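Here is a friendly briefing to read alongside the sequence and the 3D view. Have both open as you go through the points.

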Amino acid sequence: MNLQWYPGHMTKAKRMMQEDMKLIDVVIELVDARIPASSRNPDIDTLAAGKARILLLNKYDLADPDATERWKNWYEKKGFFVAAVNAKNGTGVRNVKDLILCACKDKIERDRKRGIKNRPIRAMIVGIPNVGKSTFINSFAGKACTKTGNKPGVTKGKQWIRLNKNVELLDTPGILWPKFEDELVGERLAFIGSIKDDIIQSAELSLKLIAFLVEHAPQGLENRYGIAQEDMENPLKILEEIALRRGCLIRGEETDYEKAAGILFDDFRSGKCGFITLELPEGEEK
Ligand code: G4P
């Protein structure tokens, strides 16, 4: 199976981001806490060269807390200011304002020495599709914020959201695309639902997810579907078992593998098989 997904408007989006990058002081990059490496495009490191960097492990509510802690340490060692957040319910989101001030400490100090006062820090959200950028912007900016720029009669420009007197946020996030050079990256993106299901063969892919779960989180399968760990030798048998237990039959007799796979993916993506992180920092084992 070859997972490829490469929209044509990618170059344009990248060029726009390059332009926006000139205006900002700090890049806030969102990744999915379940795949903190596969859900980022490393090109951002070149695009954001010289900027203060914040990395948010979003959707940490769906990830393994121990793995999230390891990733946090790992990215901190690489020079990022890091936080685990849940953009959906807002957990950890408020602290990001403080993180911005920490990440931009040098710039604030430089401005102060030059006598520049009250120049707000300008931030931009970036990330691959579906990591939660829009949800985060809504949660972070809230309702009380004021938009600046693009006022009637004022020169057309970027839309900035004023978060407080110190920080402004570009209201449109920078979209990057994942890198599919490694087959595992595509697979993991598909597992968490970041690649549209209609372009992948879900039953075939579900066998790979089952194999992963058998190896790394068999209790998830056991708890959710009542499959005993000693019966977990063959992924196809497990899928059949899921189909049987969930009544996935075509015309009442044939196993509906696609339907069973769909159930498994929905369960996995919503944390019903447990809070599972699919990858650990390089060189780290469970
Ligand atoms: P994007 O702008 O980066 O493309 O992502 P977007 O905000 O549209 O979020 C993609 C999906 O991820 C949304 O779900 C959103 O609710 C969910 N999401 C974002 N942050 C979190 C989080 O921290 N935890 C969890 N569990 N989910 C998160 P959806 O199913 O597409 O929409 P909805 O039904 O939730 O509205």
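N118 counts as exposed, at 72% relative accessibility; exposed means over 50% relative accessible area, buried under 20%, and partly exposed in between, using a 1.4 Å probe and protein chains only. This is a predicted model, in which local features need pLDDT of at least 70 and side-chain atom pairs count only at pLDDT 80 or more, while totals for chains, interfaces and linings use all residues. Residues are numbered from 1 along each chain as its sequence is written, and side-chain values use heavy atoms, with hydrogens and water left out.

**Two residues with positive phi**

- Most residues other than glycine have a negative phi.
- N118, which is not a glycine, has a positive phi of about 60 degrees, and it sits in the loop between α5 (105-113) and β4 (121-127).
- N130 also has a positive phi, near 80 degrees, and is a residue other than glycine.
- You will find N130 in the loop between β4 and α6, where it counts as partly exposed at 43% relative accessibility.

**The ligand and its shell**

- There are 15 residues around the ligand, and D61, N130, K133, S134 and T135 come nearest; a residue is near a molecule if one of its heavy atoms lies within 4 Å of it.
- By type, the shell divides into 5 nonpolar, 6 polar and 4 charged residues. Here Ala, Val, Leu, Ile, Met, Phe, Trp, Tyr, Cys and Pro count as nonpolar, Asp, Glu, Lys and Arg as charged, and the others, Gly among them, as polar.
- Helix α6 (residues 133-141) gives the most to this shell, with 3 residues; helices (H or I, at least four residues) and strands (E, at least two) are DSSP runs, numbered from the N terminus.
- An N or O atom in the side chain of K59 is 3.0 Å from an oxygen atom of the ligand.
- For K133, a polar side-chain atom lies 2.7 Å from an oxygen atom of the ligand.
- D61 has a polar side-chain atom 2.8 Å from a nitrogen atom of the ligand.
- Taken alone, the ligand exposes 710 Å², and the protein buries 62% of that; accessible areas come from the Shrake-Rupley method with a 1.4 Å probe, and for residues only the protein chains shown count as cover.

- E168 is part of strand β7 (residues 167-170) and counts as buried at 4% relative accessibility.
- The side chain of E168 makes a polar contact of 3.0 Å with that of R122 and another of 2.9 Å with that of R162. A polar contact is a pair of N or O atoms within 3.5 Å; within protein, one must be able to donate a hydrogen and the other to accept it, and residues adjacent in sequence count only if both atoms are side-chain atoms.
- D32, in strand β1 (residues 26-32), is buried with a relative accessible area of 0%.
- A polar contact of 2.8 Å joins the side chains of D32 and R34.
- Leaving aside neighbours within four places in sequence, D32 is in contact (heavy atoms within 4.5 Å) with S39, N58, K59, V131 and I192.

**Cysteines**

- A search of the whole structure finds 0 disulfides, a disulfide being a pair of cysteine sulfur atoms within 2.5 Å.
- C104 is in no disulfide, and the nearest cysteine sulfur, that of C102, is 9.5 Å away.
- C104 is buried at 3% relative accessibility, and C248 is buried at 0%.

**The chain overall**

- The chain has 11 helices and 10 strands, and buried residues make up 47% of its 286 residues.
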